[in-house]
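User: I'd like to learn how to read charged pairs and helix packing in a model. Can you walk me through this one?

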Amino acid sequence: MRGNGGTMHNDVNDLVILKALKVKPRPAPPRSPIPVFWRPSPTGWIKINTDGSSQGAPESLATGGVFRILDGSVLYCFHTEEGVGFAFLAELLAAITTLEWARKLSLDFIWLEADFVYVVSLLSSRSLEVPWILKARWRAVLEFISSIHFLCLSYLQGG
């Protein structure tokens with residue numbers, strides 16, 4: 001319930017507290033869905049969809065990515081568990097891990113899509129404003145994408 005006007009967002013701790021206080025919870029209104037459509041990449045490009053998640057604030061992190069060719073066939077996919085942190089860190093790690101795999105696979109025409117607009121912005125601008133713990137990996141990723149054909153969009157930007 002912390003700072004959200006008294007509505008719940010499926011937080012077990014909140015439910016325990018409310019039950020102890022004998023307060024009836026008020027569920028949060030459902031969120032509006034955001035339509036997301038997968039579009040194939042141009043001929044010769046590999047389209048990579050990536051995502052990161054955190055189960056709380058902070059909590060365990062996971063990342064994943066799917067590499068697809070023009071007809072939508074899966075070329076490669078991965079999933080990792082990355083320790084503990086916030087959603088931003090999970091999304092950033094997803095992008096970094098994805099591009100590290102792209103480098104290992106010697107891909108040179110990459111269209112990356114992610115749902116976290118800020119991470120897309122960091123990649124697109126080649127910004128160094130990332131947490132220090134990821135700075136070395138981030139610099140290596142920036143060097144890699146500067147040496148290939150690279151496009152990065154957010155699902156929310158109509159990629």
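Analyst: Side chains of opposite charge can pair when their charged atoms come close. Here E100 and R137 make such a salt bridge, with their closest N and O atoms 2.8 Å apart. E100 sits in helix α2 (residues 87–104) and R137 in helix α4, so the pair ties together parts 37 residues apart in sequence. Helices (H or I, at least four residues) and strands (E, at least two) are DSSP runs, numbered from the N terminus.

User: Before we go on, what is the average pLDDT of the protein chain?

Analyst: pLDDT is the predictor's confidence in each residue, from 0 to 100, and the protein chain averages 83, with 85% of the residues at 70 or above. Helix α4 (residues 135–146) has the highest mean, 96, while helix α1 (residues 12–20) has the lowest, 72. This is a predicted model, where local features need pLDDT of at least 70, side-chain atom pairs count only at pLDDT 80 or more, and totals for chains, interfaces and linings use all residues. Residues are numbered from 1 along each chain as its sequence is written, and side-chain values use heavy atoms, leaving out hydrogens and water.

User: How many salt bridges does the rule give?

Analyst: Two. The other one to look at joins the side chains of K47 and E113, at 3.2 Å from N to O. K47 is in strand β1 (residues 46–54) and E113 in strand β4 (residues 109–114), 66 residues apart.

User: Is E113 buried or exposed?

Analyst: Buried means under 20% relative accessible area, exposed over 50%, and partly exposed in between (1.4 Å probe, protein chains only). E113 is buried at 1%, and K47 is buried at 0%.

User: At what angle do α2 and α4 pack?

Analyst: Axes are lines fitted to C-alpha atoms, for helices over the stretch in contact, and angles run from 0 to 180 degrees between N-to-C directions. For α2 and α4 the angle is about 50 degrees, with the axes 10 Å apart. That makes α2 oblique to α4; angles under 35 degrees count as roughly parallel, over 145 as roughly antiparallel, 65 to 115 as roughly perpendicular and the rest as oblique. Contact means heavy atoms within 4.5 Å, and the residues making it include E100 and L93 of α2, and R137 and W138 of α4.

Methods: Salt bridge = Lys/Arg side-chain N within 4 Å of Asp/Glu carboxyl O.
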